[in-house]
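Please open the model in a viewer and keep the selection panel at hand. The tour begins at the ligand and then moves to a sheet.

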Amino acid sequence: MADHRVLCWDCGKDVENPYADVCPSCGGLLTIKINLEPLKAMKPKDLKMPLGVWRYAALMPVDASKRISIQEGGTPLYRCDALGKEIGVENTWVKYEGANPTGSFKDRGMTIGVSRAAEIGAKIVGCASTGNTSASLAAYAAKAGMKCAVFLPSGKVAAGKLAQAVFFGAKVISVDGNFDDALKIARDLSEERSLYLLNSINPYRPEGQKSVLFEIMDQLAFDVPDRIILPVGNAANIWAVYKAIIELEEIGWIDKIPMLTGIQAEGSMPVTRAFESKSSDFTAEENPETVATAIRIGNPVSGRKALKAIYGTGGYSVSVTDDEILSAQKLLGRKEGVGVEPASAASVAGAKKLREMGVIDKNERVVCICTGNALKDPDIMISSCEPPIRCSKDLSEIKRILSL
Ligand SMILES: *Cc1c(COP(=O)(O)O)cnc(C)c1O
Ligand SMILES: [Zn+2]
């Protein structure tokens, strides 16, 4: 476990209350400061565990010997030549987070977050969620033997995600309202310590999510890519990747910083709008709408941190339309055999668009993080593809259909 402290990202004060999700003094966002001094003597070859979140236990703020784990992380980094050719970026890789235990990168944050919940003796964990957070939390709560309550906004939760939350035994409550309303309820309950909140506002979650960046570097033998592209919803993940980059740079494992590039959906783009106006803060959007439900967020909790991550790496932000998202999803499936949910395809759609805009150079080495599995949202796949062909048992008719 890394020596660390929890502090306010805005005013810098230490925060002692383990249930606090914002700064008690100024209301600012929390973060975790890892003491990197002892790590400066360490080298990548000193890492002994297999690829996965816990390989990087030395950079994590919880005790690995007491971990709640379902073997998260260790996901493939695919070299995608056929996809790269289509989008005009020859050196394209896809980090496939759909291969995590519950099918999204959320498992990386939850193994650390639920281990922390166990450490402070929490008996009930909870979250508000557009789907994947609840699916993941429900699984880790089951593993830890804790009770779990999840609050979903009414309507529009992808079938696979809802199925997982109920299957793993969480109490699932569908709140009459949007994501922000659901989050308010979860935070109120956490404030009175009725549950331990595991939304990404919890500073332990991004600590686990740092591991996706550590793995990418490991998989590329620390030959740092030029750019890392990912979808942005509540914006904790892009912040986690940024934090990981800065930590690796400080301990001397990397000597270059990849440009962090955040993609949003056109109907839900507060961070991209802020980037377009060169602002370090964003304006919340009232009624976010997109087919990519995992990033349908109008008031991103970590939006200011995302902007810091983008500006701090010389990165970029752009929005893509639902049509662009769905074509990118299909392209990745049909050129590489990799199935991702719509939000994840936003990173590929963004790569294509930024190449067309000339922001991405054709020789750049680009990693797209594809955050979740296609099976999370089967309805989208079915409705955006050709339906099955109905036919009799007649062999000649079947041959005609197959042009044999
Ligand atoms: C949660 C999630 C996102 C968005 O991540 P943030 O940290 O909220 O920006 C993107 N894609 C998928 C599949 C997700 O589950
Ligand atoms: Zn503060």
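A cavity, as the word is used here, is a set of points on a 1 Å grid over the protein atoms alone where a 1.4 Å probe fits but cannot get out. A molecule sits in a cavity if more than half of its atoms lie within 2 Å of the grid points. The model on display is predicted.

Select ligand 1 first. The space that ligand 1 takes is the largest cavity.

Next, display the shell around ligand 1, which holds 17 residues; those that come nearest are Lys106, Asn132, Asn234, Ala235 and Thr371. Coloured by class, this shell shows 8 nonpolar, 7 polar and 2 charged residues. Two helices, α8 (236-250) and α12 (342-356), each contribute at least two residues to the shell.

Now zoom in on the oxygen atoms of ligand 1. At Asn132, a polar side-chain atom is 2.7 Å from a ligand oxygen. At Gly233, a backbone N or O atom lies 2.8 Å from an oxygen atom of ligand 1, and at Ala236 a polar backbone atom is 3.2 Å from one. Taken alone, ligand 1 exposes 380 Å², of which the protein buries 95%.

Finally, select β6 (residues 147-153) together with β7: the two run parallel and are joined by 5 bridges. Pro153 has Val175 of β7 as its bridge partner.

Technical notes. Residues numbered from 1 in each chain as written. Chains lettered and ligands numbered in written order. Predicted model: local features only at pLDDT ≥ 70, side-chain atom pairs only at ≥ 80, totals over all residues. Heavy atoms only, no water. Near = heavy atom within 4 Å. Polar contact = N/O pair within 3.5 Å; in protein donor to acceptor, adjacent residues only side chain to side chain. Areas by Shrake-Rupley, 256 points an atom, 1.4 Å probe, with all protein chains shown as cover. 1 Å grid on protein atoms, 1.4 Å probe; cavity = no way out; pocket = protein on both sides within 12 Å on 5 of 7 lines; lining within 4 Å. Helix = DSSP H or I, 4+ residues; strand = E, 2+ residues; numbered from the N terminus. Nonpolar A, V, L, I, M, F, W, Y, C, P; charged D, E, K, R; others polar. Pairing = 2+ DSSP bridges.
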